[in-house]
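Work through the exercises below with the model open. Each task is followed by a solution in steps.

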Amino acid sequence: VCGAAIFCVAVFSLYLMLDRVQHDPTRHQNGGNFPRSQISVLQNRIEQLEQLLEENHEIISHIKDSVLELTANAEGPPALLPYYTANGSWVVPPEPRPSFFSISPQDCQFALGGRGQKPELQMLTISEELPFDNVDGGVWKQGFDISYGPHDWDAEDLQVFVVPHSHNDPGWIKTFDKYYTEQTQHILNSMVGKLQEDPRRRFLWAEVSFFAKWWDNINAQKKAAVRR
């Protein structure tokens, strides 16, 4: 609602500005004309504001329809919906009282068959039983026997493929939000611009938790660029 009001005020102000410039008696008396290029710029901005306002109305309409649909399909007491906090994370409010569900014995067949039997493995002592060995598996420590001779490429040039690679931990030294604010969002923002500079470039992203948070915070134009 606030966004729609701001768009309306901005569009109305630009219309008033154009109207005042075109009907300014002092400008006509002095023989000066308002530069046609500036009028074109203002008209383009007005068209952009009108387009954004229309998109805003569509989003509000979709939200309204979704809320009405959820309200019509809801049964029983109103559900506690998650809410968005100031630090950028979602919080699920606690239920006023715990919920209890009945469990059928058929759902736990593995538990029924183990009554009175001693467990074969005690997880409290598993660290003492594991050898934690580090067998030398070759050059890459993974069991691949990689070997080559110094004259293997005398007949033809050696081709070297350089593949840049990195990863983003959702939680390690910093918190998830701190990693996103200080580093990850800048990586993804740069990715959008760099991919558009050269159509041959490719980008692969694995940490969907970071990508989802970034996707929720970018505008429609950037989302369209990412899809392309």
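**Exercise 1.** Is Glu197 buried or exposed?

Solution. Start with the ground rules. This is a predicted model, in which local features need pLDDT of at least 70, side-chain atom pairs count only at pLDDT 80 or more, and totals for chains, interfaces and linings use all residues. Residues are numbered from 1 along each chain as its sequence is written, and side-chain values use heavy atoms, with hydrogens and water left out. Now apply the classes: buried is under 20% relative accessible area, exposed is over 50%, and partly exposed lies in between (1.4 Å probe, protein chains only). Glu197 has 53% relative accessibility, so Glu197 counts as exposed.

**Exercise 2.** Find the salt-bridge partners of Glu197.

Solution. Take the criterion: a side-chain nitrogen of Lys or Arg within 4 Å of a carboxyl oxygen of Asp or Glu.
- Step 1. Lys194 pairs with Glu197 at 3.8 Å, N to O.
- Step 2. Arg201 also pairs with Glu197, at 3.4 Å.
- Step 3. Lys194 and Glu197 are three residues apart in helix H6, so about one helical turn separates them. Helices here are DSSP runs (H or I, at least four residues), strands likewise (E, at least two), numbered from the N terminus.
- Step 4. Lys194 is partly exposed at 45%, and Arg201 is partly exposed at 37%.

**Exercise 3.** How do H6 and H7 cross?

Solution. Two packed helices are described by the angle between their axes and the distance between the axes.
- Step 1. Define the axes: lines fitted to C-alpha atoms, for helices over the stretch in contact, with angles from 0 to 180 degrees between N-to-C directions.
- Step 2. Read the values. The axes of H6 and H7 (residues 208-217) come within 10 Å and cross at roughly 70 degrees.
- Step 3. Classify. Angles under 35 degrees are roughly parallel, over 145 roughly antiparallel, 65 to 115 roughly perpendicular, and the rest oblique. H6 and H7 are therefore roughly perpendicular.
- Step 4. List contacts (heavy atoms within 4.5 Å). The H6 side includes Phe176, Tyr180, Leu188 and Val192. The H7 side includes Phe210, Phe211 and Trp214.

**Exercise 4.** Which residues make the nonpolar surface patch of about 610 Å²?

Solution. Tyr148, Trp153, Leu158, Val160 and Val162 make this patch. Patch residues have over 30% relative accessible area and no salt bridge; like charges are joined within 9 Å, nonpolar side chains (Val, Leu, Ile, Met, Phe, Trp, Tyr) within 5 Å. Areas come from the Shrake-Rupley method with a 1.4 Å probe; for residues, only the protein chains shown count as cover. Val160 sits in the loop between helix H5 (126-129) and H6. Val160 is exposed, at 63%.
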